[in-house]
Amino acid sequence: MKICIRAHDLGVKGTEAIVNRLDTLGIDGVQMVCYKAYDDILYQPGCITRERAEEIGRAFREAGVMIPLVGAYFNPVHSNREKADRCFRIFADYLRVCGAMGCGVVGSETGSFNDDKWTYHPRNRTEEALQQVVETFSKLCDIAGDCGSTVAMEGAAGHVCYDVDTLARARRMMGRKTKVIFDLYNFLDESNQDAYLSILEKGLDTFGDDILLFHMKDCVFENGRRPGQVPFGTGQMDLEAVLKRIKAFDKNAVLTLEGTTGEYIPHAVSTIKQIWESV
């Protein structure tokens, strides 16, 4: 098992500061979102060069830090098509250079017709929405195939691929090689929060070896409302049951903290390690 975290959740920027913080915390690697981790890399097409990617990859490799995923999340169904196209081109840029960072995978969620809010919209659950996602990600997969990289997709209850079955269907429709970022919390809403262990089990059975990594989140359950996210290890999820299932599925799983920051990080890391050793 490896523990990772989003680089920009560490509260520092730049390679040296990130590496030092990881060493202090006992974390193995980062989910890298370059334009959030470096002040000199903007979220614009053409702003990540192969030379810069090689520089980042070399430094992390020398420090013994893994980068299992490069994040370039964007909304493929955004109503501002100019913005959606710009974000598509940025994602494609990262597909072309991620290998130089020592990572062959770039990932994104599947978006929402609520645009920048990234929340539920009735159109998300239509065939039109799914077809649009399939078309966009298929094009990205074709770019990835040309440069030896891979696209990863992440589902979420408020997005177009809102459950395990819909994400699986999208991947089948694409007919291309993809990986899955499995975020259990993302699949939860007011209607299914009591079934989170069943959702995890279904995801493990459905996606199998295509799961790239697991996002580690915790939450408090609220009747009639979507569960509220809290720092990992401070909520109401049965983390022992969650981690026991993941360990049985893959003892070498990559567990990536997302949304746990500041003083809560050391507790989250120790919680994962303690539970993993005990289950």
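Biologist: How much space lies in the largest cavity?

Modeller: The largest cavity holds about 80 Å³ of space. A cavity is a set of points on a 1 Å grid over the protein atoms alone where a 1.4 Å probe fits but cannot get out, and a volume is the space filled by probe spheres set on the points, which are joined across faces, edges and corners. This is a predicted model, where local features need pLDDT of at least 70 and side-chain atom pairs count only at pLDDT 80 or more, while totals for chains, interfaces and linings use all residues. Residues are numbered from 1 along each chain as its sequence is written, and side-chain values use heavy atoms, with hydrogens and water left out.

Biologist: How many cavities of 30 Å³ or more are there?

Modeller: The count comes to one.

Biologist: OK, which residues lie nearest the centre of the largest cavity?

Modeller: Leu184, His215, Met216, Lys217 and Val242 do, out of 13 residues that line the largest cavity (each with an atom within 4 Å of a point). Strand 7 (211-216) and helix 8 (239-249) each supply at least two residues of that lining. Helices (H or I, at least four residues) and strands (E, at least two) are DSSP runs, numbered from the N terminus.

Biologist: How does the lining of the largest cavity divide by class?

Modeller: You get eleven nonpolar residues, one polar and one charged. Ala, Val, Leu, Ile, Met, Phe, Trp, Tyr, Cys and Pro count as nonpolar, Asp, Glu, Lys and Arg as charged, and the others, Gly among them, as polar.

Biologist: Now pockets. What volume does the largest pocket have?

Modeller: The largest pocket comes out at about 450 Å³. A pocket is an open set of points with protein on both sides within 12 Å along at least five of seven lines. The largest pocket is lined by 28 residues, and Arg6, Lys36, Tyr73, Glu109 and Trp118 are the closest to its centre.

Biologist: Which elements give two or more residues to that lining?

Modeller: Helix 2 (34-37), helix 4 (81-97) and strand 9 (225-230). Helix 4 gives the largest share, three residues. By class, the lining of the largest pocket has nine nonpolar, eight polar and eleven charged residues.

Biologist: And what about the second largest pocket?

Modeller: About 310 Å³ of space lies in the second largest pocket. Its lining has 16 residues, with Thr119, Tyr120, Ala157, Gly158 and Arg226 nearest the centre. That lining divides into five nonpolar, five polar and six charged residues.

Biologist: Switching to helices. At what angle do helix 7 and helix 8 pack?

Modeller: Helix 7 and helix 8 pack at about 10°, and their axes are 10 Å apart. Helix 7 and helix 8 are therefore roughly parallel to each other. Helix 7 brings Tyr196, Leu197, Leu200, Glu201 and Leu204 to the contact, and helix 8 brings Ala241, Val242, Arg245, Ile246 and Phe249. Contact means heavy atoms within 4.5 Å.

Biologist: How does that contact look by class?

Modeller: Between helix 7 and helix 8 there are eight nonpolar, no polar and two charged residues.

Biologist: Where do helix 6 and helix 7 meet?

Modeller: Val164, Asp165, Leu167, Ala168 and Arg171 in helix 6 touch Ile199, Lys202, Gly203, Thr206 and Phe207 in helix 7. Five of the residues in this contact are nonpolar, two polar and three charged.

Technical notes:
Axes fitted to C-alpha atoms, helices over the stretch in contact; angles between N-to-C directions. Parallel < 35°, antiparallel > 145°, perpendicular 65-115°, else oblique.
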